[in-house]
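Come and look along with me.

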Amino acid sequence: MIDDARRIAQDFLDRTGEATIRGDVDATLDYCDIPCTLESMQGRAVATNTAEMRAICVAFIDRVKLKRLTYMVRNCLEAVFKDEETIWARYQTRYVTDGNLLTEDPYFGSVILRRKGDRWKVSAMQFAASSDSPVNAVLSNCTPKGEASAENKPSDGAMSTTNKAG
């Protein structure tokens, strides 16, 4: 059963990585559950609706394009079923540009996947990435709803973009 969890998690990492590198926001979004929590030492985002999750996906894809990344090498290191509908996994990510591994160190992450219909979706991800990593560049500008100060809370219910980690 552990091998099945690892195979499912690796497939998820491969498919979402490919969709992100292609710049396919809709395909990337299809792999995200709502609500979805993403966090690193630089920041935290809790998307409570599709518009918030789309904004995070767009921002991440834009950062990947800005860095001219051509491939995300992600390897599932371990994965376990917590129940029939939930997998917890740990993985490593390396970025590639023009066929060469970047000098940036690989980073580790963890993901909670939940089965929704015929698809596994990310419910939560944590990243231990360098501060200039695309994921940290996005999360350093996000704060979950409810944690933003009164003067920084958006009036339309969207996620705040205040850095609470620094």
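I took helices (H or I, at least four residues) and strands (E, at least two) as DSSP runs, numbered from the N terminus. Before going on, I noted that this is a predicted model, where local features need pLDDT of at least 70, side-chain atom pairs count only at pLDDT 80 or more, and totals for chains, interfaces and linings use all residues. Residues are numbered from 1 along each chain as its sequence is written, and side-chain values use heavy atoms, with hydrogens and water left out.

**Entry: the whole chain.** I found four helices and seven strands in the protein chain. Along the sequence they run α-α-β-β-α-β-β-β-β-β-α. Of the 166 residues, 43% are buried (under 20% relative accessible area; exposed is over 50%, partly exposed in between; 1.4 Å probe, protein chains only). I also looked up contacts (heavy atoms within 4.5 Å): among those with a separation of 6 or more, 55% join residues 24 or more positions apart.

**Entry: Thr 86.** I placed Thr 86 in strand β4. Is Thr 86 buried or exposed? Its relative accessibility is 5%, so Thr 86 counts as buried. Leaving out residues up to four places away in sequence, I saw Thr 86 touch Val 80, Phe 81, Ile 112, Leu 113, Arg 114 and Trp 120.

**Entry: the core.** I looked for nonpolar cores (buried Ala, Val, Leu, Ile, Met, Phe, Trp, Tyr and Cys residues joined through side-chain atoms within 4.5 Å). The largest has 35 residues, and Met 53, Ile 87, Val 111, Leu 113 and Val 122 touch the most other members. Helix α3 (residues 50-66) gives this core its largest share, six residues.

**Entry: rings.** I searched for aromatic pairs (rings of Phe, Tyr and Trp, its six-membered ring, with centres within 6.5 Å; planes under 30 degrees apart are stacked, over 60 edge-to-face, the rest tilted) and the whole structure gave four. Tyr 95 and Tyr 107 have ring centres 5.9 Å apart and planes at 50 degrees, so I wrote this pair down as tilted. Tyr 95 is in strand β4 (residues 86-97) and Tyr 107 in strand β6 (residues 107-116), 12 residues apart.

**Entry: charges over rings.** My rule was NZ of Lys or CZ of Arg within 6 Å of the ring centre and within 35 degrees of the ring normal. Lys 82 lies over the face of Trp 88, 4.3 Å from the ring centre. The charged end of Arg 119 sits over the ring of Tyr 31, at 4.4 Å from its centre.
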